[in-house]
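Here are some notes to read with the model open beside you. Take the points in order, and find each residue on screen as it comes up.

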Amino acid sequence: MPVRTILVTLLIMLGFAPVSVAQTAEELFLEGKAADESGIPEDAIAPYEQACEMDHGQACNELGFAYFQAEGVETDLSKALIYFEKACDLNDAMACGNLGVWWDKGMTGVEDMEKAQAYHRKACDLDFDTSCYDLGVALLDESDAPANTADAMTLFQKACDLGFPGGCY
């Protein structure tokens, strides 16, 4: 038996088994979520950052929210926007909805209804109920044209079907 095999066997027998310390993006996200839910948002930031770097959309969205709401970090709207955009690019529906509201309300001082509607459309396509409703409202506000009304009603129905009671008429 080679010396290396004997040494590894001996270490395992003595309780020195090799341990993998690498965490998956999902494990890091859940670690961050647990810290958030325990009321320690500052402890959520590092795991969320690591998970986001590994392209975990929900983690990126949580970071956007943290920087927007100053939860565990100082408020930084430019960082919030970057994280929301990355999360939306990763198809996180809530992040796309957040961006829809961001541009609708002009969170950085500039309202952009075209961007708002595009983000709400993507979020709705990803089955984010609130964005389906918000997009329907935007279409009705934009024009009383029959096509907009029909599209809005379709969006309200989808919002309702997804569980958003405001869309149920």
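1. Overall make-up. The chain has 9 helices and 0 strands. Read from the N terminus, its elements go α-α-α-α-α-α-α-α-α. Please keep in mind that this is a predicted model.

2. The chain has 169 residues, and 34% of them count as buried. If you take the contacts between residues at least 6 apart in sequence, 42% of these join residues at least 24 apart.

3. The largest pocket. Now look for the largest pocket, which holds about 170 Å³ of space. Which helices each supply at least two residues of its lining? They are α6 (93-105), α7 (113-125) and α8 (129-142). The most comes from α8, which gives 5 residues to the lining.

4. Who lines it. To find the pocket on screen, select Val101, Asp104, Lys105, Met113, Ala116, Gln117, His120, Asp134, Val137, Ala138, Asp141 and Glu142. Sorted by class, this lining has 5 nonpolar, 2 polar and 5 charged residues.

5. A closer look at α8. With 14 residues at 1.5 Å a residue, α8 should span 20 Å, and the C-alpha atoms at its ends are 20 Å apart, so the two agree.

6. The buried residues of α8. Which residues of α8 are buried? The answer is Asp129, Ser131, Cys132, Leu135, Gly136, Ala138 and Leu139. Their cover includes α6, α7 and α9 (146-161). Notice that Ala138 is buried and is also part of the lining of the largest pocket.

7. Side chains of opposite charge can pair when their charged atoms come close. How many salt bridges does the structure hold? There are 4. One of them joins Asp55 and Lys86, with 3.4 Å between the closest N and O atoms. Asp55 sits in the loop between α3 (45-53) and α4 (57-69), while Lys86 belongs to helix α5 (residues 77-89), so this pair ties together parts that are 31 residues apart in sequence. Asp55 is partly exposed, at 48% relative accessible area, and Lys86 is partly exposed too, at 28%.

8. Asp127 forms a salt bridge with Lys158, and their closest N and O atoms are 3.3 Å apart. Asp127 lies in the loop between α7 and α8 and Lys158 lies in helix α9, so here again the pair ties together parts that are 31 residues apart in sequence. The relative accessible area of Asp127 is 45%, which makes this residue partly exposed. Lys158 also counts as partly exposed, at 26%.

9. Asp104 and Lys105 meet through their side chains in a salt bridge, at 3.9 Å from N to O.

Terms used
Residues are numbered from 1 along each chain as its sequence is written. This is a predicted model: local features need pLDDT of at least 70, side-chain atom pairs count only at pLDDT 80 or more; totals for chains, interfaces and linings use all residues. Side-chain values use heavy atoms; hydrogens and water are left out. On a 1 Å grid over the protein atoms alone, a cavity is a set of points where a 1.4 Å probe fits but cannot get out, and a pocket is an open set with protein on both sides within 12 Å along at least five of seven lines; lining residues have an atom within 4 Å of a point. Grid points are joined across faces, edges and corners, and a volume is the space filled by probe spheres set on the points. Helices (H or I, at least four residues) and strands (E, at least two) are DSSP runs, numbered from the N terminus. Ala, Val, Leu, Ile, Met, Phe, Trp, Tyr, Cys and Pro count as nonpolar, Asp, Glu, Lys and Arg as charged, and the others, Gly among them, as polar. The expected span of a helix is 1.5 Å times one less than its number of residues. Buried means under 20% relative accessible area, exposed over 50%, partly exposed in between (1.4 Å probe, protein chains only). Contact means heavy atoms within 4.5 Å.
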